[in-house]
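This briefing covers a predicted model.

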Amino acid sequence: MIASLLGVLFDGLAYGMLLFLVGVGLSVTLGLMNFVNLAHGAFGMLGGYLCVLAMARWNIPFLAALPLAFVVSALVGLLFERLLFRRLYRRSHLDQVLLTIGLTFMAIAAATFAFGPQQQAMQLPEYLSGQLNVVGVDLNIYRVFLLALGAVLVVALTLVVERTRFGAAVRAAVDNARVAEALGIRVGLVFQIALAAGCGLAGLGGALGVEVLGLDPLFPLKYMVYFLLVVAVGGTTTLKGPLYAALLLGVADVAGKYYIPQAGAFIIYAVMVILLIVRPQGLVSRS
Amino acid sequence: MSAALGAPRIPRLPWREIVFWVVLATGFWLWPKHLALASQVLIAGLFTLSYDLILGYSGILSLGHAAYFGLGAYAAGLLAQRGWGEPLSGLLAAGACAGFAGFLTGFLVVRGQDLTRLMVTTAIGLLLFELANKLSSVTGGVDGLLGIEMKPLLGVFRFDIYGRTAYGYCLAVTFLLFLGVRRIVHSPFGWSLRGMRDNPGRMLALGYPVSRRLIAVYTLAAAIAGISGALLAQTTQFVSIDVFSFGRSADVMVMLIVGGAGVLYGGLVGAAVFTLAYHYLSALNPVYWQFWLGAFLIAIVLMGRGGVLGAWTRVVNTLREWRGEAAAQP
Amino acid sequence: MSNRSFGTLLLIATSLATPIAGAQEPIKVGMILEMSGPFADLGRQILAGAQAYIKAHGETVAGRKIELIVRDTTGPSPDVAKRLAQELITNDNVDFLSGFGFTPNALAVAPLATEARKPMIIMNAATSVITTRSPYIARVSMTLPQVTAPLATWAIKNGIKSVYTLVSDFGPGIDAETTFKKTFTEAGGKIVGSVRVPLRNPEFAPFLQRIKDAHPQAVFIFLPASGEQPLAFMKGFAERELNKAGIRLIATGDLTDDGVLEAMGDTPLGVVTTHHYSAAHESAQNRAFLKAYAEIAGPGTRPNFMAVGGWDGMAAIYEVIRKLNGQIDGDKAMEVLKGLRLDSPRGPLVIDPETRDPIQTVYVRRVQKVNGKPYNVEFEQIPDVKDPGK
């Protein structure tokens, strides 16, 4: 009984951590630049395909393919920021939604063309497969890895945002971009770096997620709802908000499917609607 | 507007538009072999018109409008399946059903900003899809309702294999509802909607009951969406849960933007362009179709919104646009 | 003017000239398939199978040429399917309607087949109820209950007494679950638990955990062959080490579909499934089929049961044309189809004269490596299986 509860908690947290990693970039761009980037999932997809390609074609080991996914996705994000996104910061949300949906369609078509419509399979390295038995609970090794890596990244992100000058600049820009600019902070540069980092994280999340979430050209659309969920429920002014939201939603989804499988898919949507009604500004917000 | 000025005049239908509808009416002779496709264009057009009410005129960002389409489709379908095959009453029942659902969910939708609304509407749409799937003993699930038989329209016109009755039916319903929407859009209520879209804070300050009006328009839009869903169910004599699919909600947004949001004919034009393009281009190569659709959307946004009708208007009114933009500088 | 409008005009012109042209007119076979989107594989396999048959047996039957008119429904879209069928009947004047990867598409078109009296050949859709919707429907694929019941019987015979079922939450899944439960419990087995997973399910972890905690001897699976679920499930099954916990995996052949089996790696080895076709089937007809298929789809591709549906569907159509000497009449075509015997690459196939469903051999197979690649190797067969519950 306790063992299964712990097991469910563990699986849910790992799943939530994955959602956070891929979705946090979306929260950052929305909070910072007021930019709704529905193509965010496409960066996750990019990271996923890159990882699969790196391992299958170029024989790069998994752990080395991960930073590759991060870097390339970040660079591509930077490219898009300079060419396309920055024109939309002042436009309405609808315009942003439309443009990024258009981008998503193009990404899906490109992925179908390049890789075909089928699922991608990935061979995890030996040391990351299998199960560990910890105090009577069977823990999946890969999910332990996910949680550990996620925790490290969260700590790193929090340190950057709260302890570095760059982080202070980001916080200032989120609060009031005009005044920050007036104070001499190069808000444009902050935007670029933040967006690139967000896309990089999405790519990393996508690569990590191939094993758990699967990978096919429809990835951006399939999971877009989950990422939006994390952002809508978690709010856009803090890092902790989306984190808690993602973990909560992950656990709710897994627990729901385990304990009430008949209601399976509902739980996550019902939870979201309830949360949005009760706190339309998100779970954790800075006033 | 003070009452002393008298009730605002709703402009008469200009001759260009009359010609448009007459041409559609002669579709029986102009495209007799494609009446089924034309009916589906009209249904999509009506659905998009209802979406225009909430997005174009009221500024409510929704990605779950298919929920009401689906409710209307199933209301009509279930009635017909259980023996009540009379089309017009089924249509009205469907509209009432969907409208009621719109009223209930309207309270959820008017809270919060763009992103919250987007999420709530998406969640509602997805929830209904899963619910319909769960209740597959009632809805037939993915496989759909079996045994829908429609009685002849007005007791005379049988739904035939060439789609003639279906086309006439869809055209009449679409035209009537279009006239109704037109009236509303040109009324003070309609103008207040535009105000709420552009500056809700100011409207509140002016004393307008913003939430109430948004709920009212949302209910109306839901009812019309339900009617378009019912038309689909009745003319194809089939409903399955794909009427609730997220793809349908996303498609209607694209159709509206392609045609031009906030413009009466935007929905009809957008639906026509999208459906016809999809029908003919998907025969060529479906992968490329999606690619070019994406590129097209990006182009529309970058070059300023308004879709097909907006571009047309801009071509005709360039000077006025220029002056308008200069005035809008902060 | 687009190719399509030109083609349509040409067809209108030729159809107007039919009474005079007579024998030179091609026989038009309308194929309503899912050719794009996430289910593109479905349509492609079926079409390739049909084209392979035409390549192997020639384009002309009874003095008339065969013409395939393919239309794309883009997925399970019954309103699109119905419209396409309407256009095929009224604009293109097809003699046959065929294809149908998805049940709702077939169900929506059924009343049209009845009204226009066109023979409708189901090449893939597997829900039982389809053939009851029109007297003009004949099916050459299989039904879910047909391949599931023998699996339950096999399980009991081989000492599996407790089973947990996991199926996709929609029509075919529920069909499979109901049939398995009924057959298994009637033979004395015990169902320790059941779960229906949502159609769009990315994470199998909680379901697999439930199964593991229930300690059944085996888990019965039905997941639709096209899509991401079989692969996701197999990954989860291996990760969670259910096989090491002593839980066997039995399923319908959709889980180890020939089209995706290679991509699954070594995980499915040893999995026992039941189905009506395996690419590893040893017979002269199958060898001919594999050869013709490779010529159409390219070397290194493997046909699956959907492709066989396309092949056998065309075979049935050819038989009808031959027996009717090129003069296609709906009612006469159905008379030919009822009781038709085909020498299929899968084995013997008969179209039941009463239900117009396929009567065929169901094979019990195990995933094994043949020449280094995983295949569903048949080791038992149950001949002449009808669709139970009809």
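**Nonpolar core**

The largest nonpolar core of this predicted model holds 324 residues. Those with the most contacts inside this core are A:Leu18, A:Leu229, A:Val230 and C:Val109.

- Helix H1 of chain A, residues 2-33, gives the most to this core, with 17 residues.
- Chain C also takes part: at least three residues of the core come from each of its domain 1 (3-142 + 282-356) and domain 2 (145-275 + 363-385).
- Leaving aside residues up to four places away in sequence, A:Leu18 touches A:Leu146, A:Gly205, A:Leu208, A:Gly209, A:Val212 and A:Leu213.

**Contact between chains A and B**

- Chain B puts 27 residues into the contact, and chain A puts in 31 residues.
- On the side of chain B that touches chain A, helix H6 (114-134) and helix H14 (286-302) of chain B each supply at least two residues.
- H14(B) has the largest share of that side, eleven residues.
- By class, the side of chain B that touches chain A consists of 18 nonpolar, five polar and four charged residues.

**Chain C as a whole**

- Chain C contains twelve helices and 15 strands.
- The C-alpha trace of chain C spans about 70 × 40 × 40 Å along its principal axes.
- The radius of gyration of chain C is 21 Å, which agrees with the value near 21 Å for a compact globule with 390 residues.
- Of the 390 residues of chain C, 59% count as buried.
- Among contacts in chain C between residues at least 6 apart in sequence, 71% link residues at least 24 apart.

Technical notes: Residues are numbered from 1 along each chain as its sequence is written. Chains are lettered from A and ligands numbered from 1 in the order in which they are written. This is a predicted model: local features need pLDDT of at least 70, side-chain atom pairs count only at pLDDT 80 or more; totals for chains, interfaces and linings use all residues. A nonpolar core is a set of buried Ala, Val, Leu, Ile, Met, Phe, Trp, Tyr and Cys residues joined through C-beta atoms within 7 Å. A residue is buried if 20 or more other C-beta atoms lie within 10 Å of its own, exposed if 12 or fewer, and partly exposed in between; C-beta atoms are placed from the backbone. Helices (H or I, at least four residues) and strands (E, at least two) are DSSP runs, numbered from the N terminus. Domain bounds come from an automatic or database domain assignment. Two residues are in contact if their C-beta atoms, placed from the backbone, lie within 7 Å. Ala, Val, Leu, Ile, Met, Phe, Trp, Tyr, Cys and Pro count as nonpolar, Asp, Glu, Lys and Arg as charged, and the others, Gly among them, as polar. The radius of gyration is taken over C-alpha atoms; the globule rule is 2.2 Å times the number of residues to the power 0.38.
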